[in-house]
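Morning, everyone. Please bring up the sequence and the structure, and I'll walk you through them.

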Amino acid sequence: MANNIARAPLPLPEFAKVRYHSWQLDDLTPATENTETTYFMQNPTSGIEVSGQSTTYRHVSEEMISQGVIVMGMKQAQMAHGDLVKKLIGRVISKQADRLSAQNYEQFNTGIFVYIPEHVQVDDVLHLILNHLAMSGQDFVARVFVYIGAHSKVTILQEMHTIGSEKTKASVVIEVLANIGAQVTYANIDSFGEQTTAFINREAIVSDHATVDWQNAEFNDGNIVIRVASQLNGEGATSHANVIGLTIKKQTQGLVTTVLNKGRHTVGRIFQRGVILNRSTLVFNGIGKIIKGAKGSDAQQESRVLMLSRRARGDANPLLLIDENDVTAGHAASVGRVDDNQMYYLMSRGISERMARKLVIRGFMGEVLAKMPTQAAQQKVMAEIERKLQYEDD
Amino acid sequence: MTTLKVENLHVSVAGKEILKGVDLIVNTGEIHAIMGPNGTGKSTLSQTIMGHPAYQVTQGNIYMDGQNLADLSVDERARAGLFLAMQYPSEIQGVTNAEFMRAAINARRPENDQINVMSFIEKLDEKREFLAMTEEMAERYLNEGFSGGEKKRNEILQMMMIEPQIAILDEIDSGLDIDALKVVSRGVNSMRSDEFGTLMITHYQRLLDYIVPDFVHVMMGGKIVKTGDASLAKKLEAEGYAGLRDELGLDVHLTDEEINAEV
């Protein structure tokens, strides 16, 4: 894939109202660390855990294997299913998409590959755990590809963590290709550490009558830019992109959530809820785009940010770009503070101010929290909220 | 015995004086009703006792058993034994009713002695059935999408779960049909004991047919102008507030007076 012909560098991906050029995310040295430790997965959970270069846990049921389901570390998949991997990678997020995605395409040396053939219903929630081993000071460059065949159904829970505390960068590009009639729920909890500066790009292609729903929980502690996107290419394709995030200390977290309505009668929903503490910055950009010819489509978005500190900075920017008349669309956005009446009500029942605030904040993110696919994932998100709220008084 | 004592209470909201010297004593074991025309300060009294930040005490004091409430935050007042069933309860998405009530009960218990989940559920089921509330109610988000009647029932359910010493019920009857009113009243009556006192705020005598008070106070122009027994409420029903005002020779304007005069 190396190309020696000199060419103008691609532009950096756009994250409106987020200044991240100085993070130097386009200068990465892929790490090569190995480990034998499994950090998060426990038998018999379905799925895979990849840490650095190592796959330390993998459990795929006999039934799934007999149906042709592939769940592998990216390196193993490139060896075992080279042609398939080569054919698919870059199909959703092109290698020319932007400078950071292109660089990921050139440099990734780890990741996860999932292939689900047509007419397969995966009953277990499929866990995909990616850990950045930040021990040598080198960077994490990972690629995830999830292919869902026609009329198949799967729920994915992806997690990302930093192990180790060296100051490093991470680039993770995640492609989801949902074929005709596929039903996909893609939940993720991103928890990169304070010393990890990262770019995460998740995008799905949604074919005719397929559904891809994102439940995207951002609990990273470092500086990070995140893109979540759905291309509703097929007739009647649907995508709900739900995002929650909580920022602390001095971190900056910038998001762009995009739904592109291309097919007729497509339905796109963006729903974002963020909480900002201390001196941190959280920016939600929501983009709903309906192209000409996508008749009968619907693009809705709602982004709300709660500021818990006067020194915090928050933004919720809705953008609707519509090039077709026969559509419905709408947006709502707000930046506000904790509702005093709710606090008063909770406290009037004897609940302390601290606990009441925690309940209100959890409630604020409750709609997305409730959609996390497992009880364990819901509890994990609640634990993350509590962990981050400990910094409230800093 | 616990005593709530309101002494010469003056309260302002946004710079305007609403309460102009209220005196009141509520002991556990007693049921008090405060009646009065619209805009006379009944809700102001209840919110001030609970400690709503928008209500400013400019003069006078409120005590619970000698403890001055001015020194206590809203949650501390609640833990001291006060409860306010609100006229307009907040809706809180993402927090279930059951979880909220458990947090409220646990807030009153030491950290190493939190209520056991099974005993909590048993108690909740018992009280919920007593108030003819459905099982799914417990798992719904706090007051979210509840009808007016469901919210009132939920306030009473919370009261029965928390078991306060003194409960203030702010227009718990408003917006209830007669069947719901009976259910809510049954809940309040079930709490009646030497360990429990109530201050009910209402416009209508009807509520007092179901929860018979020991004392009835009439509030007008930011003060309690008359106190009597249950028969005072019946008299008011018959003669209206204007009749009482004229009898007492008070110079108080009643919001709805002109309208009634035209009828």
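Let's start where the two chains meet. The contact takes 21 residues from chain A and 20 residues from chain B. On the chain A side, three helices each supply at least two residues: H5 (340-347), H6 (353-364) and H7 (366-369). Which of them gives the most? That is H6(A), with seven residues. By class, the side of chain A that touches chain B has ten nonpolar, seven polar and four charged residues. Keep in mind throughout that this is a predicted model.

Now the sheet in chain A. Ten strands form an open sheet, and the pairing is mixed. Follow the order with me: S2-S1-S5-S7-S9-S11-S13-S15-S17-S19. At the edges sit strand S2 (54-59) and strand S19 (327-336) of chain A, each pairing on one side only. From one strand to the next, the twist averages 5 degrees.

Strand S15 of chain A covers residues 267-276, and strand S17 of chain A covers residues 297-307. How many bridges join them? Ten, and the two strands run parallel. If you want one bridge to click on, take A:Ile276: its partner in S17(A) is A:Met307.

Next, the core. In soluble globular proteins, nonpolar side chains tend to be buried together. Here the largest nonpolar core has 186 residues. Which members touch the most others? They are A:Val176, A:Ala178 and B:Ala85. Strand S6 of chain A, residues 140-148, brings the largest share of this core, eight residues.

Zoom in on A:Val176. Leave aside its neighbours within four places in sequence. What remains in contact with A:Val176 is A:Val92, A:Val146, A:Val184, A:Tyr186, A:Ala204 and A:Val212.

Over to chain B. This chain has nine helices and twelve strands. Its C-alpha atoms fill a box of roughly 60 × 40 × 35 Å, taken along the principal axes. Is that chain compact or extended? With 263 residues, a compact globule would have a radius of gyration near 18 Å, and chain B has 19 Å, so the two agree. Buried residues make up 41% of the 263. And of the contacts in chain B with a separation of 6 or more, 71% are between residues 24 or more positions apart.

One is helix H1, residues 42-50 of chain B, which is mostly covered: eight of its nine residues are buried. Among the buried ones are B:Leu45, B:Ile49 and B:Met50, and also B:Lys42.

Why does B:Lys127 count as partly exposed? Because 19 other C-beta atoms lie within 10 Å, and buried would need 20 or more. Not counting residues up to four places away in sequence, B:Lys127 touches B:Leu157, B:Met160 and B:Met161. Check B:Gln158 as well: 31 residues along the chain from B:Lys127, with their C-alpha atoms separated by 9.2 Å.

That's the tour. Over to you.

Methods. Residues are numbered from 1 along each chain as its sequence is written. Chains are lettered from A and ligands numbered from 1 in the order in which they are written. This is a predicted model: local features need pLDDT of at least 70, side-chain atom pairs count only at pLDDT 80 or more; totals for chains, interfaces and linings use all residues. Helices (H or I, at least four residues) and strands (E, at least two) are DSSP runs, numbered from the N terminus. The radius of gyration is taken over C-alpha atoms; the globule rule is 2.2 Å times the number of residues to the power 0.38. A residue is buried if 20 or more other C-beta atoms lie within 10 Å of its own, exposed if 12 or fewer, and partly exposed in between; C-beta atoms are placed from the backbone. Two residues are in contact if their C-beta atoms, placed from the backbone, lie within 7 Å. Ala, Val, Leu, Ile, Met, Phe, Trp, Tyr, Cys and Pro count as nonpolar, Asp, Glu, Lys and Arg as charged, and the others, Gly among them, as polar. Two strands pair if DSSP finds at least two bridges between them. Axes are lines fitted to C-alpha atoms, for helices over the stretch in contact, and angles run from 0 to 180 degrees between N-to-C directions. A nonpolar core is a set of buried Ala, Val, Leu, Ile, Met, Phe, Trp, Tyr and Cys residues joined through C-beta atoms within 7 Å.
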